[in-house]
Amino acid sequence: MSALTPRQIVEELDTYIIGQDDAKRKVAIALRNRWRRQHLPEELRDEVAPKNIIMIGPTGVGKTEIARRLAKLADAPFIKVEASKFTEVGYVGRDCESMIRELTEVGVALVRAEMDIELAEKAHGVAEMRLLDLLLPPQPQRPKPTRVYTPADPNAGDEAPAPAPQDNGGEARVRELLLSKLRKGELDEREIEVEVRDTGNIPMMQVFSNSGMEEMGVNMQEMFGKLLPQKTKRRRVTVNEARELLEQEALQDLVDMDEVVSRAIERTENSGIVFLDEIDKIAGRGSGGHGPDVSREGVQRDILPIVEGSTVTTKYGTVRTDHILFIAAGAFHMSKVSDLIPELQGRFPTRVELTSLDAEDFVRILREPKNSLIRQYEALLATEGITVRFTGEAIDRIAEMAQRVNEESENIGARRLHTIMEYLLEEISFDAPDSEVTDIQIDAGDVERRLADLSENQDLSKYIL
């Protein structure tokens with residue numbers, strides 16, 4: 001687990017997310033507390049429960065991005081799920097425990113990728129030897145001559161058989177020469193025939209895989225795959241392609257899946273993060289507990305034991321949810337946090353309200369983050385040999401327009417910038433492959449000219465921008 005201090009975590013988040021300092025501080029403390037818990041005595045470690053967080057704020061202000069970047073910093077299993085997609089037990093749809101199964105799958109994939117890196121060098125050596133055997137098959141060993149004594153036969157004689165000719169090491173020298181060429185890449189384009197495992201899926205299993213069987217924690221394809229004999233097929237590929245195929249097979253043999261599963265479950269239980277989005281969609285609205293509110297409360301009751309701490313059965317074994325960090329988020333513009341059932345409210349002790357973004361925030365979003373939209377579009381058009389530069393006034397005008405459209409229609413936060421930038425650069429992006437102009441500067445006048453008609457027409461801006 002990452003040992004970053006809360007201040008360092010906030011600094012890392014600042015490189016991608018503008019503003020929302022309160023939310024960053026709270027998630028930084030929550031992440032640091034995971035690290036602190038790991039250093040407690042064992043008898044106290046189990047008593048420290050994670051301080052789950054509810055983020056309250058409109059769409060497009062950075063709720064999901066904060067949680068996603070936090071999980072990357074922690075190198076922890078992370079999933080994002082929408083609370084509105086779950087249904088109460090007994091109804092058709094996803095049951096709430098499936099989020100823990102998905103989290104465990106992510107944990108297994110994470111640990112498997114780490115072990116692949118650890119064993120990559122060993123797998124490369126195994127694949128190299130197999131390639132060498134394909135290029136120069138080893139000669140069969142000659143049987144050693146044995147001396148047979150037959151004293152009862154006077155014609156047999158008692159001389160030893162003629163000695164076998166001594167091996168002059170020629171084969172060993174050829175193999176060394178081939179190995180040297182193989183490592184230098186001189187044989188990469190040579191075609192060879194290699195026998196690899198047939199990993200093709202059984203069509204019947206595909207029928208099952210899309211019908212919800214995975215929710216039962218049973219992987220039918222793996223189960224039947226172990227019962228059926230392992231098939232192989234011969235492929236004619238280049239040496240370079242064969243090396244990749246053989247390295248993958250070697251990794252499958254070298255990786256101990258029991259250890260992978262054991263480490264993945266431990267990491268999921270102690271470091272896993274579940275981002276529960278749209279939690280406001282399952283909050284009742286004080287209508288007296290009839291109609292759709294009954295179903296919403298049913299989903300809340302199903303989520304409650306998972307957040308409180310329970311044991312969920314997965315295909316890898318049982319997973320305890322006591323120390324998984326849950327970060328819930330919702331706009332709460334049609335409901336309030338107090339509309340959630342009290343027991344669920346009590347399991348989210350940390351609450352933070354994210355502020356709406358204004359023109360000043362939009363300017364910083366366009367300029368400062370590593371993955372800012374300006375940098376993205378500059379890089380995209382640079383692939384066509386076109387250099388695009390935005391003046392400071394143009395960026396200010398884009399930000400002002402984004403704020404105005406958000407105020408006059410639905411407030412979708414920073415996502416409004418994506419729409420405006422796409423319309424602003426539509427003509428340039430379309431003509432880029434055929435354009436003879438290689439240097440384009442966009443100023444405030446260009447922004448006004450290209451977006452004036454849409455911004456002035458309220459009906460059009462409502463639906464297009």
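Let me begin with helix α5, which covers residues 98-118, comprises 21 residues and reaches 30 Å from its first C-alpha to its last, close to the 30 Å expected at 1.5 Å a residue. Please keep in mind throughout that this is a predicted model.

Several residues of α5 are buried, namely S98, M99, I100, R101, L103, T104, G107, V108, V111, E114 and M115. I would draw your attention to one of them, T104, which lies in this helix. T104 has a relative accessibility of 0% and therefore counts as buried, the cut-off being under 20%. What does T104 touch, leaving aside residues up to four places away in sequence? Its contacts are T268, T314, Y316 and V319.

Before going further, a few words on the protein as a whole. It has 20 helices and eleven strands. Of its 465 residues, 39% are buried. Among contacts between residues at least 6 apart in sequence, 78% join residues at least 24 apart.

I turn now to two strands. Strand β2, residues 78-82, has four of its five residues buried, so it is largely enclosed by the rest of the structure. β2 pairs with strand β5, residues 273-277, in the parallel sense, over five bridges.

Within β5 we find L276. Is L276 buried or exposed? With 0% relative accessibility, L276 counts as buried. L276 and I79 stand 197 residues apart in sequence, yet their C-alpha atoms are 8.6 Å apart in space. The contacts of L276, not counting residues up to four places away in sequence, are V81, A83, F86, M99, I303, I327, A328 and A329. M99, in that list of contacts, is also one of the buried residues of α5.

Next, the charged pairs. In general, side chains of opposite charge can pair when their charged atoms come close. How many salt bridges does a search of the whole structure find? The search finds 28.

One of them joins the side chains of R236 and E191, at 3.4 Å from N to O. This pair links distant parts of the chain: R236 belongs to strand β4, residues 232-238, E191 belongs to strand β3, residues 191-197, and the two are 45 residues apart. R236 counts as exposed because its relative accessibility is 54%, and the cut-off is over 50%. E191, by contrast, is partly exposed, with a relative accessible area of 46%.

A second salt bridge is formed by R301 and E297, whose closest N and O atoms are 3.8 Å apart. Both residues lie in helix α12, residues 292-308, and they are four residues apart, about one turn of the helix.

R364 brings me to a glycine. G19 lies in the loop between α1, residues 6-14, and α2, residues 21-38. G19 is buried, with a relative accessible area of 18%. Apart from residues up to four places away in sequence, G19 touches K24 and R364. G19 and V61 are 42 residues apart in sequence, and their C-alpha atoms are 8.9 Å apart.

Finally, the aromatic residues. How many aromatic pairs does a search of the whole structure find? It finds zero. R32 lies over the face of W35, at 3.9 Å from the ring centre. The charged end of R69 likewise sits over the ring of Y16, 3.8 Å from its centre.

Thank you for your attention.

Terms used:
Residues are numbered from 1 along each chain as its sequence is written. This is a predicted model: local features need pLDDT of at least 70, side-chain atom pairs count only at pLDDT 80 or more; totals for chains, interfaces and linings use all residues. Side-chain values use heavy atoms; hydrogens and water are left out. The expected span of a helix is 1.5 Å times one less than its number of residues. Buried means under 20% relative accessible area, exposed over 50%, partly exposed in between (1.4 Å probe, protein chains only). A salt bridge is a side-chain nitrogen of Lys or Arg within 4 Å of a carboxyl oxygen of Asp or Glu. Contact means heavy atoms within 4.5 Å. Two strands pair if DSSP finds at least two bridges between them. Rings of Phe, Tyr and Trp (its six-membered ring) pair if their centres lie within 6.5 Å; planes under 30 degrees apart count as stacked, over 60 as edge-to-face and the rest as tilted. A charge sits over a ring if NZ of Lys or CZ of Arg is within 6 Å of the ring centre and within 35 degrees of the ring normal.
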